[in-house]
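Please examine the model shown here, with attention to helix packing and aromatic side chains.

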Amino acid sequence: MEHLGVCLKFVVLCLIALKAEEPSGEWSLYSTDRLQDEGVCNIDVLDRSQLSHQQFIERYAYRRPVILRGLTDNTKFRFLCSKASLLTQFGDRTVELSTANTHSYKKVYVTFREYVGGLLRPQAPEALGSETLYFFGGNNVTEWNSLFQHYESPPYVLPHSSRAYSFGVAGPGTGVPFHWHGPGFAEVIYGKKRWFFYPPEREPHFDRNRTTLSWVTEVYPNLPEDEAPLECTLRPGEVLYFPDLWWHATLNLDTSVFISTFLG
């Protein structure tokens with residue numbers, strides 16, 4: 001009987017611990033059947049111990065994307081990015097939403113609470129990118145600095161470069177169609193984000209006003225083998241690096257919280 005009592009006590013303690021690990025403020029990580037495919041990963045994935053800073057510069061900085069594991073520890077930042085924490089700290093702050101098309105023509109301003117409560121939802125398959133509002137990068141750096149100061153940015157740097165952060169939250173199926181800009185790092189804090197890449201000299205075939213979801217479902221399956229992109233699905237704890245001027249598109253497979261470090 002004493003042994004049974006100890007076992008029951010252990011079960012109760014485990015249940016209490018599990019309950020404590022289910023904070024109501026955590027993002028709901030849901031997706032639909034059409035977002036179950038994570039695709040292949042034909043981008044190099046390395047642990048930090050496998051790549052020195054000099055090797056990063058020589059092999060990847062100006063040549064091709066790479067995913068790195070164990071690069072940083074953003075446990076505290078992840079806690080601060082829980083749904084409850086962000087709504088408490090930034091719920092009443094105004095954020096800038098952009099349309100999810102290549103050139104982001106339209107800008108809309110709402111409070112972060114309004115975005116999360118009314119606009120953060122799965123991508124409708126038939127919706128155009130020019131009709132989809134997306135929160136990424138419209139951060140008032142001064143207002144969001146109390147969050148960004150807890151982010152441990154990747155230790156690898158490019159010569160003579162500075163850092164600028166872009167932070168975002170987006171629903172399943174959303175993403176930005178193919179575009180290009182300067183080099184940088186990307187990290188998913190919650191969720192999973194599928195990335196697609198083409199080198200600067202190979203502009204992909206896509207409609208600038210259609211969503212990445214429509215490209216993945218309608219164009220991607222019919223691509224000849226020699227026109228297939230580099231791709232991989234990024235998960236929490238991994239950091240992606242992409243070089244200057246590379247074409248890239250993203251697709252959030254879950255509700256995702258993410259941050260990019262642009263190197264300028």
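This is a predicted model: local features need pLDDT of at least 70, side-chain atom pairs count only at pLDDT 80 or more; totals for chains, interfaces and linings use all residues.

Residues are numbered from 1 along each chain as its sequence is written, and side-chain values use heavy atoms, without hydrogens and water.

Q: How are α4 and α5 oriented to each other?
A: Helix α4 and helix α5 (residues 112-119) pack with axes 9 Å apart, at an angle of about 140°. Axes are lines fitted to C-alpha atoms, for helices over the stretch in contact, and angles run from 0 to 180 degrees between N-to-C directions. Angles under 35 degrees count as roughly parallel, over 145 as roughly antiparallel, 65 to 115 as roughly perpendicular and the rest as oblique. The two helices, α4 and α5, are therefore oblique.

Q: Which residues in α5 does α4 meet?
A: Contact means heavy atoms within 4.5 Å. From α4, Lys83, Leu86, Leu87 and Phe90 take part, and they meet Phe112, Arg113 and Val116 in α5.

Q: Which residues in α6 does α4 meet?
A: The axes of α4 (residues 83-90) and α6 (residues 141-148) come within 11 Å and cross at roughly 145°. Leu86, Gln89 and Phe90 in α4 meet Glu143, Trp144, Ser146 and Leu147 in α6.

Q: How many aromatic pairs does the structure hold?
A: Rings of Phe, Tyr and Trp (its six-membered ring) pair if their centres lie within 6.5 Å. One aromatic cluster includes Phe90, Phe112 and Trp144. For the structure, the number of aromatic pairs is 26.

Definitions and conventions
Helices (H or I, at least four residues) and strands (E, at least two) are DSSP runs, numbered from the N terminus. Rings of Phe, Tyr and Trp (its six-membered ring) pair if their centres lie within 6.5 Å; planes under 30 degrees apart count as stacked, over 60 as edge-to-face and the rest as tilted.
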